[in-house]
Protein chains: 2
Amino acid sequence: MLDKIANILQLECKLQQTDRLLVGVSGGPDSLCLLHLLHTSGYRVITAHINHQLRPEADQEAEVVRQFAAKSCIDFISCVIDVRVYASEHSLSIEEAARTLRYRYLFEQAERRGVGAVLVAHSADDQVETILMHLLRGSGLSGLRGMEYITLPNPWSDHIPLVRPLLSTWREDILKYLDKNQIVPVIDQSNLDTTYFRNRLRHELLPMLKSYNPGVRQNLLRAGLIMRDDYSVLQQIVDEAWEANLARQDPGYLAFNRSGILELPPSIQRYLLRKAIAYFLPGLQDVDFDCIERGLKFLAEGKLVGQVDLLAGLCLIREGDLFWLAASLDALPLTDYPAIIPGEEFSVNVPSMLSLNAGWLLQAVETPDLLSAIQESTQNQDLFQAWVDTSELQLPLTVRSRKAGDRIQPIGMDGHSVKVSDLMINLKLPKRARRTWPLVCSGGHILWVPGCRLSQWAQVTADSRSVVHLILSRDLST
Amino acid sequence: MLDKIANILQLECKLQQTDRLLVGVSGGPDSLCLLHLLHTSGYRVITAHINHQLRPEADQEAEVVRQFAAKSCIDFISCVIDVRVYASEHSLSIEEAARTLRYRYLFEQAERRGVGAVLVAHSADDQVETILMHLLRGSGLSGLRGMEYITLPNPWSDHIPLVRPLLSTWREDILKYLDKNQIVPVIDQSNLDTTYFRNRLRHELLPMLKSYNPGVRQNLLRAGLIMRDDYSVLQQIVDEAWEANLARQDPGYLAFNRSGILELPPSIQRYLLRKAIAYFLPGLQDVDFDCIERGLKFLAEGKLVGQVDLLAGLCLIREGDLFWLAASLDALPLTDYPAIIPGEEFSVNVPSMLSLNAGWLLQAVETPDLLSAIQESTQNQDLFQAWVDTSELQLPLTVRSRKAGDRIQPIGMDGHSVKVSDLMINLKLPKRARRTWPLVCSGGHILWVPGCRLSQWAQVTADSRSVVHLILSRDLST
C-alpha cells in the first residue's frame, strides 16, 4: 500500500517531498491513514483538525488527533467552528455549512503558511458514491468522471491545489493499513461529512448493485477513470474553441464569433456554454440540462437579433456576427453604438462637433457647395449621413435618446408617421442600443434617426437655398 | 405524439416517406404503437412477426399481429423459429438465441425485399435500462450513451440501418397512444426480449432510484443524449487518428506508426485500441478494461521490440517505429525480412543468385579484384554484405533457417562462440523474423548471419588468395 500511494503521490498528485502539505484530519480512518502514509513517506505535513461542535464527543476527537500528531512530531493546528449559526445565517444545510467552513479554514491556513497543497482523504468508496450521485442527477462526463486527484483551480484557491491521494484506495484497505500499524481511529464521523442521501446510497443502493454485479464498485471506479480521460480530451477542444472564438471579454460580458460557434459539434457547444456560465457563476454546481439545451437551440435558430434567458438572469444574445453572454442586456458594452444617456439632452449648433460615447461624433456643418449637396443628398446610401434643408430647421438642434411615444414621418412613406421604436425594431437595431440611440431633433420634432431614417419635412429639394450636412461617425483615432 | 415522432422519423432517423420499411412487431404495446404511428404518418411499412414458439399463446399472438396488419392493409410476413434447438446447438442462453434468430430473420427479409431500414420499437424505458446495465458493467461513454436512433453499420448489415424511433418515448405515453387509438396489444412479451437481469433492473433497481430522485429516468435519458454527442466527437478524433497513423492493413494484421500513436491522449489511445480489436473481433460486445489498460501500458513502455497479449489470442507487438496488432505473430507479413521456411535448405554455388521470399536475393560471387576486396572487407559497414576467404569454405554453401543450439564465433569476440538466438535478440531482430532468418553455412558450420555477424574463421586477411563476396539484398524491381 505504501508503494502504491507513493506512486500516486508522485505521479498523479505531483507532490514534491520538499513541499509542506496541509492535511485535513477528522480522526476517522481515512484521514488518519492518509496522515500516517504521508508522514511515513517522508512528506512534511501539517495536521489540520476542524472541530464542528456538532456532537458531544467532538472535543474528545480533536484531542485524539492532537495526540496522534504530537506522538509523531507532526505540526498540529485546529479550529472550532459554529456550523449551526453559519447554516442558519446563510440558509444552508448543516452539511453544506460544515463543508464551506471546513474548506475555507483549510485554505486560509494553507495560504498563510505557504504550503504546496491541501490534502483530503476521500477514498475510492467516496469516489464511487460521488459517481452514483452524479448519475442520479443526470450528470454527463463532468460528473461521472468523479473527483480528481488534483483540483486546481478550485473554489477556494487558484494556486493551491486540493489533492485527494486515496481516491483509488478502498476503505477495506485503509482499515487493514490502520490495523497493521496499530492506529485506532475515532468513531467514523462520516455521517458528518456526508448527507443523508449519501448514506442511503452507501447502505441501500450499493448493496443492491453489488447483488447484480459483485464487481460493480470496481467497475464504477474504472468507468470514472476512463471518463476522466475522455473529459480531458473534450475540455481541451473546448478550451481551443474558446480561445479561437472569444471576441470580447469583460467581467460583465463575453462575446463569441457566431460562425465559429456554429461550426462546433453540439457536444462542444454544450461545454462551451457551461464554461461561459461558470465564468459568471463560478460557484454554481449543477447547471440545468434544459438551460443548456435552450441555449443550444437558440444558437442553431439563426435569428439575426434576439435573446434567450439561460439562468439566474444570465442571457444569451445574438447581435449580427456575435453571440453575447451577459448578466443582463445593460451589461453589454455600448462602445459599438452611439449613445446618449436617457434623460440627457445636448444642443447642436451649426457648425459644431459633439462628442458622444466611445469616440462617436456628431457633426453638423453648413455645406458650402449647394448644388453638389443637393445631388449628394439624393444619391446618399449612407444612413449615418444626412442633408437637411436649413430653412425647415429650428436652431440649435438638440440631441437626446428615445422617449415613449416618439414618432417620425420618414422620407418615402407618403407622410405616414411611424413609431421610432417600431422603426428601430424593423431595422434590427439591437435592443440594448435602442434605449440610448441618439435622435436629432428640431423644435421638438424628430429630424433624424441616424442609421435609420430622416424626416420628410426637412428633405432637401432642388429649391433648397441652404443645406446642413449631418454626420454621425466614429473617431477611429480614439 | 404523432408530431413528435414525425420529427424524430425525419430528423433523427433520416427516414424517407418513399422508402419501404420493415418493422419488427411482437404484438406488444411498443411495437404495435410504432407500426400504427408509421402507417398513420404515411410510411410504406412491412410488418414482420417472429413466432419464438416459447409460450403456449405464441401462435395466437402471431394471429393478432396478422389481423392487425390485415385490417390496416399493411403487408405482413412472419416466421416460426426454434429458439431452444438453436440455443442448445450454439451454447447460447434462450434470450441470446432468440435475439440472434430474430435479427437474422429481419435483416434477411430486409435484404430480399430491398427495404430502406429495419425498425424496432425500443422505448425510452428500454434505453434507461440499457444505460443502467452498461453502468453496472463499468462501461464508459460507448455504453452509457445507450442505443442510437440509427445503427449503421450494425452486426447484421453494412448498408441497411437498424432504426429505433421510440427511443425517447416513455412507455406510459405509448400506452396512452394505444388507448386513444383503441389498439389492444397482446400480453406484454417483454419477458421474452429481456433477460432476468433486465427485469430486476426494471422492477427493483429503478423504483429504488426513483425513491432517491423522482426524475431519475428522465435524467438518465438526458445524460445518455449528452454522452451520445460527446462520444461522437471522440469517435471523430479516433477516426482521424486511425487514418493518420495506420501504416499497414490486411485481414490478418494492422500496423500503426508508433510516434503518432504516442502523441495521442490516453482517452484516444483507448478508443483506437478498441477499434483495432473490433477490426479482428467485430462481434465482441465487451472488451475487458484490463485488456485495454494492458495495451495502453505497453504503448507507453517504450520497449524497442516486444509484445503483449490483449485478448482471444490477439497481440499488440512493437517493432521499431510500428505497433502491430495481429491474431498471432505468424500473421504478420514477412515481406520486411528475408526468410527461409524452417526445415528447407538451399545450396549456394559461387557464383550464384538465390531468390528468397518477397524479392530478397542472396548473391555469392568471387571477387575479381583481390586487393580491393581485402580493403572493402576491412572497411565494410554494411551488415548485409560479407567478404570471406574462399580457402576456408566448403562449397557449395548452404542456406537454412535457425536450428536449436546454433552457435557462431563472430569476428571480434576473441574466438568465443555465442548462441545465434542470443545474437539475434541482442541485435533487436524482431521475434517473428528470427525463426525464418536465413543463415549461410559452410560444411555444417554457420558462416554468416546476414545483418548480424560473420564467423571469425572465414575472415579475409592480407594473405587471402581468393575471396567470395556475399550480398543479401532486396530486389526493388519486384
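Predicted model: local features only at pLDDT ≥ 70, side-chain atom pairs only at ≥ 80, totals over all residues.
Two strands count as paired when DSSP finds at least two bridges between them.

**Figure 1. A hairpin made by strand 7 and strand 8 of chain A.** Strand 7 covers residues 246–250 of chain A and strand 8 covers residues 253–257 of chain A; they pair in the antiparallel sense, with four bridges between them. Two residues sit between the strands of this hairpin. To get your bearings, find A:R248, which stands opposite A:A255 in strand 8 of chain A.

**Figure 2. The two copies, chain A and chain B, laid on each other.** A turn of 179° with a shift of 0.2 Å along the axis puts chain A on chain B, at an RMSD of 0.4 Å. The two copies are thus related as by a two-fold rotation axis. And how do the copies meet? They do so through the same surface, because 100% of the interface residues of chain A are also interface residues in chain B. As for confidence, the predictor gives the complex an ipTM of 0.76 and a pTM of 0.77. Chain A has a mean pLDDT of 88, with 96% of its residues at 70 or more.

**Figure 3. An open sheet of six strands in chain A.** Reading across the sheet, the strand order is 3-2-1-4-6-5, and the pairing is mixed. Which strands are at the edges? They are strand 3 (75–80) and strand 5 (150–151) of chain A, each of which pairs on one side only. Strand 5 of chain A pairs with strand 6 (residues 162–163) of chain A in the antiparallel sense, over two bridges. There, A:I150 stands opposite A:V163 in strand 6 of chain A. In general, strands of a sheet pair through backbone hydrogen bonds, either parallel or antiparallel.

**Figure 4. Helix 2 of chain A lying across strands of chain A.** Helix 2 spans residues 29–40 of chain A, and the strands it lies across are strand 1 (20–24), strand 2 (44–51) and strand 4 (117–119) of chain A. Relative to strand 1 of chain A, helix 2 runs at about 165°. Now look at the loop between strand 2 and helix 3 (58–71) of chain A, which holds A:Q53. Phi of A:Q53 is near 50°, a positive value in a residue other than glycine.

**Figure 5. Helix 6 and helix 10 of chain A crossing.** The axes of helix 6 (residues 124–137) and helix 10 (residues 196–212) of chain A come within 10 Å, and they cross at roughly 95°. That makes helix 6 of chain A roughly perpendicular to helix 10 of chain A. On the helix 6 side of chain A, the contact is made by A:D126, A:V128, A:E129, A:T130, A:L132, A:M133 and A:L136. Helix 10 of chain A brings A:F197, A:R198, A:L201, A:R202, A:L205, A:L206 and A:L209. Sort the residues of this contact by type and you get nine nonpolar, one polar and four charged.

**Figure 6. Helix 11 packing on helix 13 in chain B.** What is the angle between helix 11 (residues 216–245) and helix 13 (residues 266–280) of chain B? It is about 70°, and their axes are 9 Å apart. Helix 11 and helix 13 of chain B are therefore roughly perpendicular to each other. From helix 11 of chain B come B:Y231, B:L234, B:Q235, B:I237, B:V238, B:D239, B:A241 and B:W242. They meet B:S267, B:I268, B:Y271, B:L272, B:K275, B:A276 and B:Y279 in helix 13 of chain B. The residues of this contact split into eleven nonpolar, two polar and two charged.

**Figure 7. An open, antiparallel sheet of four strands in chain A.** The order here is 13-14-22-15. Strand 13 and strand 15 (385–389) of chain A stand at the edges with a single partner strand each, so one side of each is left without a neighbour in the sheet. From one strand to the next, the twist averages 15°. Strand 15 of chain A pairs with strand 22 (residues 467–474) of chain A in the antiparallel sense, over five bridges. Pick out A:W387, whose bridge partner in strand 22 of chain A is A:H469.

**Figure 8. A cis peptide bond from A:V350 to A:P351.** Omega of this bond is near 0°. Where is A:P351? It's in the loop between strand 12 (345–348) and strand 13 (352–355) of chain A. In chain B, the peptide bond from B:V350 to B:P351 is cis, with omega near 0°. B:P351 lies in the loop between strand 12 (345–348) and strand 13 (352–355) of chain B. As a rule, most peptide bonds are trans.

Technical notes: Residues numbered from 1 in each chain as written. Chains lettered and ligands numbered in written order. Heavy atoms only, no water. pLDDT = per-residue confidence, 0-100. Least-squares fit on C-alpha atoms with pLDDT ≥ 70 in both. Contact = heavy atoms within 4.5 Å. Axes fitted to C-alpha atoms, helices over the stretch in contact; angles between N-to-C directions. Parallel < 35°, antiparallel > 145°, perpendicular 65-115°, else oblique. Nonpolar A, V, L, I, M, F, W, Y, C, P; charged D, E, K, R; others polar.
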